[in-house]
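Biologist: Hi! Could you walk me through the aromatic side of this one, and then its pocket?

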Amino acid sequence: MNFLAHLLLSKNDRQIMVGNFIGDFVKGNSILQYDEKIQKGIRLHRAIDFFTDQHEVVLKSKRRLHAKFRHYAPVIVDVFYDHFVAKDWQKYSVEPLLDFTQRFYKLMEQYSNKVPEAANNMLYHMKSSNWLYNYQFLEGIDQTLSGIAKRTRFNSKMETAIASLKEHYSDFQLEFDQFFPELQLFTKDSEKQ
């Protein structure tokens, strides 16, 4: 899953949200330099990624994109799935999406000196175009994927991925709708451990 789903699944716990956001930027034992709750968020991020990467429905979405996008297909699917989270946000939260995103950006400003530089760099791009809010619009998904494509080492073709979303929109929506409730249940069960 991409950033918005990770943040949503943090259950509005500020430190878990920080950890869940920086999860991709914290490697190995460097997790130990963070407060216990932030560590919990990083572990939650890793658990979400593991669950998602192994899930048959998500693999089906990735296979649809693999021929054209190769190893970038998982990144694209993550962004597509965040589109469905944003588009149907009212199903998941009573807080309006714009308010949620603004609250998150303010939270991260408070932790900017405690998180990896790469996370702050990503946050800068995310905030400047409010990716999280704009994920609900196809134009926002297109801008996000085009922006990521500019930062990849190789020709990812991600700037063309919006055409695949449009072409197979109902398939991706159906797969997301099958998968996401299972992910929500998985994260609830993870909290109990």
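Biologist: How many aromatic pairs are there?
Modeller: The count comes to 15 aromatic pairs, where rings of Phe, Tyr and Trp (its six-membered ring) pair if their centres lie within 6.5 Å; planes under 30 degrees apart are stacked, over 60 edge-to-face, the rest tilted. This is a predicted model: local features need pLDDT of at least 70, side-chain atom pairs pLDDT 80 or more, while totals for chains, interfaces and linings use all residues. Numbering runs from 1 along each chain as its sequence is written, and side-chain values use heavy atoms, leaving out hydrogens and water.

Biologist: How are Tyr133 and Phe137 arranged?
Modeller: They pair edge-to-face, 6.0 Å centre to centre with 70 degrees between the planes.

Biologist: And Phe176 with Phe180?
Modeller: That pair is stacked, at 5.0 Å and 20 degrees.

Biologist: Which aromatic cluster do they belong to?
Modeller: One that also includes Phe51, Tyr81 and Tyr169.

Biologist: Switching topic: what lies over the face of Phe172?
Modeller: Arg64, at 4.7 Å from the ring centre. The rule asks for NZ of Lys or CZ of Arg within 6 Å of the centre and within 35 degrees of the ring normal.

Biologist: By class, what lines the largest pocket?
Modeller: Nine nonpolar, five polar and four charged residues. Ala, Val, Leu, Ile, Met, Phe, Trp, Tyr, Cys and Pro count as nonpolar, Asp, Glu, Lys and Arg as charged, the others, Gly among them, as polar.
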